[in-house]
Amino acid sequence: MALKDLFTKNHPKKKKYATIPTETAKNDVPEGIMTKCPSCKKIMYTKELTKNLKVCLHCGFHFQMNSRERIDSFIDEGSFEEINENMMSKNPLNFPDYLEKLEKDRLKSNLNEAVVTGIGSVNGNKIVLAIMDASFRMGSMGSVVGEKITLAIEKADELSVPFIIFTASGGARMQEGALSLMQMAKTSVALKRFSEHGGLYISIMTHPTTGGVSASFASLGDFNFAEPGALIAFAGRRVIEQSIREELPEDFQTAEFLLKHGQLDAIISRVDLVEKITNILEIHQPGGELAW
Amino acid sequence: MVGELEFERPITELRKKISEIKEFTKTTDVDLSSEIAKLEDRLEKLENDIYANIKPWDRVQIARLPNRPTTLDYISYLFEGFFECHGDRTFADDEAIVGGIARFKGLPVTVIGHQRGKDTKENIRRNFGMPHPEGYRKALRLMKQADKFNRPIICFIDTKGAYPGKAAEERGQSEAIARNLLEMAGLRVPVICIVIGEGGSGGALALGVGNRIYMLENSTYSVISPEGAAAILWKDAAFAKNAAETMKITAPDLKELGVIDGIIPEIKGGAHKDVKKQAEEIEKLLTTSLQQLLELSKEELVADRYNRFRTIGEYSIMNDYIGVN
């Protein structure tokens, strides 16, 4: 070490100017004990947040949930039995890098595809459930997602139990081209048959539900619900802004916007979800003194 | 020349040369008939060569030609006494979709299709063939009417897509498309869909849940436009040509993937060269297709449509996956 290095003035690491934290740094609290709400910016214990079903304790902001968290929060403990979990995407178009991207997401999310399906119960009411998971390829729908959802609908039909889906999707999966598009039709024809047989179908739209998914099964529930603040859209906001060249309202394409425009039965907070869905499931069973 | 495309240029140039020489022989005594014959021979070879090796991007260009025949063009050649019905009974009449009743070789049918404009003025009125929710709801109303009166339904698909606009979202573009998919599944009459130009994503599919789906040879059917795919994939819409190949959007590609049932051959150079002849090709296929479907009972028609879509998709089964539990 040269003698001059001892003097702080020449120390290379010393910052010359005060640094201003960037926008991302401001919102970014190290993962672990504390979590910062991206909406109200308040900090809370992660444990408490998890206990509150990932709903902000201060402002009610709904953090995204993955499929495992959803099962834990919605289905009676130990009642979930996954079906068709080993179904896997191929690369029918020989799309460049598609298989690599799938593999990367498989490792990242620990899921085989963007939807988890199975049989379970909600307060003792047996249902077939599908949960889309945005952590896998943005929840996009290719052949496997379409097939698993269709099989789940058919399973509900076979068991004569209600079908419930939590949607979260960027839309049809581009890498499977028209095959993805056709999954919209496939799931819809299955829902039609289920409906003709008198099956109850509840769609719960979570953030985000867009494109080909919102334009097929997500919108086709006997009851269409959404979580507060969820983005629900057919076309992307930027696409619309470009095509109409005008500013869009701030709540455009949110659950609240859809409710206002008559597209939803209700917005249900995650905290009340089990109770409200239980009520709907039970009202669809025969009973009471005036049963006929 | 209207509708001249890049890949066709060698043909038009040669054709021009031939007509020039012909003009020239008229004014002089020189006999060039053997040369003309030779050139015409070459022209035919060139045409065969170019039209036999047509690339996906060329097909996209043909499908998008402003003078490509539209739904109403084909209706006038294929059906007798077309009577157009307007409106969704709820909000408005969306002129991006036309529909009504007619006869096909004497058989009462309902005809519905996306409708582009022929010029700017008409295109504005018809919103460039990009429907709003009320367009899909009108189509559904007419399909239900056809179901009630036991009329087969013929749908022509020709749209860039459902319109991405503020009003469309407010009135439930997603729901309108989804509802059509669901309700078309339950129709107890034959439904035949023909892609005649561009088949753009959900906006096309909303008229596309048929017992049989056919495409004109140079039409396209895709989940996203080549430009859109290129913008996402290569972050540059200029790569649309590559995307057109990768996305497998042409009739031959989609036949191979099992998305469509058949390809309707186009006359050399594309349907716009001779609408009447093209309509004859469509008529042939419509006739045989209808004959087959009219054999089926109402229940069989619904089941046929279910199976038609139920089987689409490719996947494999992996045995060592443990699942979420």
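**Helices α6 and α8 of chain B pass each other in a left-handed crossing.** In a left-handed crossing the near helix is turned anticlockwise from the far one by less than a right angle; clockwise is right-handed. The model is predicted, with local features requiring pLDDT of at least 70 and side-chain atom pairs pLDDT 80 or more, whereas totals for chains, interfaces and linings use all residues. Residues are numbered from 1 along each chain as written, chains are lettered from A and ligands numbered from 1 in written order, and side-chain values use heavy atoms, without hydrogens or water. Helix α6(B) covers residues 133-148 and helix α8(B) residues 173-185; helices (H or I, at least four residues) and strands (E, at least two) are DSSP runs numbered from the N terminus. Their axes come within 8 Å and cross at roughly 20 degrees, the axes being lines fitted to C-alpha atoms (for helices, over the stretch in contact) and angles running from 0 to 180 degrees between N-to-C directions. This angle makes α6(B) roughly parallel to α8(B) (under 35 degrees; over 145 is roughly antiparallel, 65 to 115 roughly perpendicular, the rest oblique). On the α6(B) side, the contact (heavy atoms within 4.5 Å) is formed by B:P133, B:Y136, B:R137, B:A139, B:L140, B:M143 and B:K144. The α8(B) side contributes B:Q173, B:E175, B:A176, B:I177, B:R179, B:N180, B:E183 and B:M184.

**Helix α6 of chain A meets helix α14 of chain B, their axes coming within 8 Å.** The crossing of α6(A) with α14(B) is left-handed. From α6(A), the residues in contact are A:M182, A:A185, A:K186, A:V189, A:A190 and A:R193. From α14(B), the partners are B:A303, B:Y306, B:F309 and B:R310.

**The largest nonpolar core contains 124 residues.** Such a core is a set of buried Ala, Val, Leu, Ile, Met, Phe, Trp, Tyr and Cys residues joined through side-chain atoms within 4.5 Å, where buried means under 20% relative accessible area, exposed over 50% and partly exposed in between (1.4 Å probe, protein chains only). Within the core, A:F74, A:F163 and A:I164 touch the most other members. Helix α6(A) supplies the largest share, 10 residues. Residues up to four places away in sequence aside, A:I164 touches A:F74, A:I127, A:V128, A:L129, A:A130, A:I202, A:I204, A:I277 and A:L281. Apart from this core lies another of 23 residues, including B:I154, B:I282, B:L286 and B:L301.

Among contacts in chain B between residues at least 6 apart in sequence, 72% join residues at least 24 apart.

**B:K248 occupies the loop between α11 (240-246) and α12 (251-256) of chain B.** This lysine is partly exposed, at a relative accessible area of 23%. Its C-alpha atom is separated by 8.2 Å from that of B:P56, 192 residues away along the chain. Not counting residues up to four places away in sequence, B:K248 touches A:L93, B:D253, B:L254 and B:L257.

**B:E266 is found in the loop between β8 (262-264) and α13 (275-293) of chain B.** This glutamate is buried, with 10% relative accessible area. B:S219 is 47 residues from B:E266 in sequence and 9.7 Å from it in space, C-alpha to C-alpha. Beyond neighbours within four places in sequence, B:E266 contacts B:R68, B:L216, B:E217, B:N218, B:S219, B:A271 and B:Q278.

**A:N91 sits in the loop between β4 (87-89) and α4 (98-109) of chain A.** At 16% relative accessibility, this asparagine counts as buried. Its contacts, neighbours within four places in sequence aside, are A:Y98 and A:L99.

**A cis peptide bond joins A:H207 and A:P208.** The omega angle of this bond is about -15 degrees. A:P208 belongs to strand β8 (residues 201-210) of chain A.

Although not a glycine, B:S201 has a positive phi of about 50 degrees. This serine lies in helix α9 (residues 201-205) of chain B and is partly exposed, at 23% relative accessibility.

**B:K235 has a positive phi of about 55 degrees although it is not a glycine.** B:K235 is placed in the loop between α10 (226-233) and α11 of chain B. With 71% relative accessibility, this lysine counts as exposed.
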